[in-house]
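This report examines the architecture of one protein chain. The sequence and structure are displayed below for reference.

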Amino acid sequence: MDMPNRRLDRMLYSPAGQAIAAALSGLAAGLAPVSCVACGAPDHSLCRVCAARIRRGTLHPYPAQEGAGALPAAEPVPGAYPTGPDPTGAYPTGPDPTGAHPDLFVPLPVLAAGVYSGGLARTVLAFKNRGHTDLAGFLAPVLADVLQAAVTDARRRAGNVPLVLVPVPGTGGSLQKRGYFPLALLLRRLRRRRLLPAGCAVVSLVSLPTGCGTAGALLRRWNRGGGSAGASGPQKGLGRNARRRNVRNTMTAGPPGGLKGVDCLVIDDVLTTGATIAETVRALRRAGARVFGAAVIAATPAPERNTTPTDPAVPGARSTGAGNGIARRE
């Protein structure tokens with residue numbers, strides 16, 4: 001981090017800086033009234049009660065690959081084979097006395113900070129689609145926690161290897177609509193505040209074929225503060241097969257072999273069917289990289305474990321009838 005950014009962070013996060021921010025927030029609330037995106041209470045984009053409830057529901061990341069039928073297979077680990085989920089839902093490994101298990105499909109491990117429902121879903125949607133960039137301060141620690149858990153899990157299976165954190169590329173249409181890439185905004189905040197897992201670098205390795213070129217160019221663009229290159233059209237409202245078709249062969253990570261020896265963890269905001277993560281993984285593996293898992297802020301509930309917004313496991317929500325409370329991912 002360069003010196004001006006360090007001075008800016010010290011100023012922003014000092015007691016005086018926080019006091020000034022609180023005063024400006026109060027002034028803004030008077031000039032342009034806001035309400036809590038989760039419960040509707042006045043004066044704050046996310047009230048303290050909802051923030052506390054949602055945060056409690058994201059303190060224990062959980063395996064979310066169940067029900068995401070478009071996810072690719074997990075990375076094979078030489079000399080080990082999956083033995084099924086342990087009590088925590090993780091996939092332990094052990095020595096393989098018989099060789100490969102071609103009939104056993106194990107999906108790519110994905111850790112989610114919380115369930116995409118209720119207050120958490122409304123917060124993510126407000127941050128992504130309604131201009132509430134002020135919610136980045138709340139969501140960044142949520143992403144930091146799930147990234148740390150996912151890196152720990154990946155290294156348990158792959159060994160203590162350096163990992164490149166690869167964000168799923170945003171679409172050009174989303175940039176025009178929002179004016180920013182939400183995931184890139186969060187990751188830059190984590191980098192500035194040194195909240196990324198130790199030994200990991202964030203590099204936007206995956207892009208459109210007409211995107212930014214080499215991995216080196218992508219890394220330089222990321223470090224200058226640019227977002228990731230675009231992908232396909234929006235996934236909102238599409239079913240599993242349509243999501244697959246919508247993103248199939250839309251991404252590239254460079255020529256075959258260009259990323260040989262690179263070990264990766266994919267990052268996305270919301271897991272639905274897993275089609276976008278699958279396409280990101282396909283591009284990385286085609287370029288020679290290994291992908292040991294993914295991390296997301298939230299995951300939609302699998303149909304067999306669908307919940308209502310009144311479920312205690314779904315924080316910061318009020319019941320609006322049957323279902324998840326959020327009809328579609330946006």
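## Overall composition

The model is predicted. Its chain has 330 residues, of which 46% count as buried. The secondary structure comprises 10 helices and eight strands. Among contacts between residues at least 6 apart in sequence, 74% join residues at least 24 apart.

## The sheet

Tyr62 has Ala112 as its bridge partner in β4.

Strand β5 (residues 163-167) is joined by three bridges to β6 (residues 200-202) in a parallel arrangement. Four bridges link β5 to β7 (residues 263-271), also running parallel. Leu165 takes part in both pairings: its bridge partner in β6 is Val202, and its partner in β7 is Leu265.

## Burial of strand β5

Five of the five residues of β5 are buried, so the strand is largely enclosed by the rest of the structure. Cover is present on both faces: Leu163, Leu165 and Pro167 are buried on one side, and Val164 and Val166 are buried on the other.

## Helices α5 and α7

Two packed helices are described by the angle between their axes and the distance between the axes. The axes of α5 and α7 come within 9 Å and cross at roughly 75°. An angle of 65 to 115 degrees counts as roughly perpendicular, and α5 and α7 are therefore roughly perpendicular to each other. On the α5 side, the contact is made by Ala136, Gly137, Leu139, Ala140, Leu143, Ala144 and Leu147, while α7 contributes Leu183, Leu185, Leu186, Leu187, Arg189 and Leu190. By residue type, this contact divides into 11 nonpolar, one polar and one charged.

## Nonpolar cores

The largest nonpolar core contains 47 residues; those touching the most other members are Leu46, Leu143, Leu147, Leu165, Leu186, Leu187 and Leu190. Helix α5 (residues 136-158) supplies the largest share of this core, with 12 residues. A second, separate core has 28 residues, including Leu108, Val203, Val281 and Ala283.

Leu183 is located in helix α7 (residues 182-192). Is this residue buried or exposed? Its relative accessible area is 9%, and the limit for burial is under 20%, so Leu183 is buried.

Leaving aside residues up to four places away in sequence, Leu183 touches Leu143, Pro167, Val168, Ile267, Asp268 and Asp269. Among these neighbours, Leu143 belongs to the α5 side of the helix contact, and Pro167 is one of the buried residues of β5. Asp268 is 85 residues from Leu183 along the chain, yet the C-alpha atoms of the two are separated by 7.2 Å.

Terms used: Residues numbered from 1 in each chain as written. Predicted model: local features only at pLDDT ≥ 70, side-chain atom pairs only at ≥ 80, totals over all residues. Heavy atoms only, no water. Helix = DSSP H or I, 4+ residues; strand = E, 2+ residues; numbered from the N terminus. Buried < 20%, exposed > 50% of the residue type's maximum accessible area, 1.4 Å probe, protein only. Contact = heavy atoms within 4.5 Å. Core = buried A, V, L, I, M, F, W, Y, C linked by side-chain atoms within 4.5 Å. Axes fitted to C-alpha atoms, helices over the stretch in contact; angles between N-to-C directions. Parallel < 35°, antiparallel > 145°, perpendicular 65-115°, else oblique. Nonpolar A, V, L, I, M, F, W, Y, C, P; charged D, E, K, R; others polar. Pairing = 2+ DSSP bridges.
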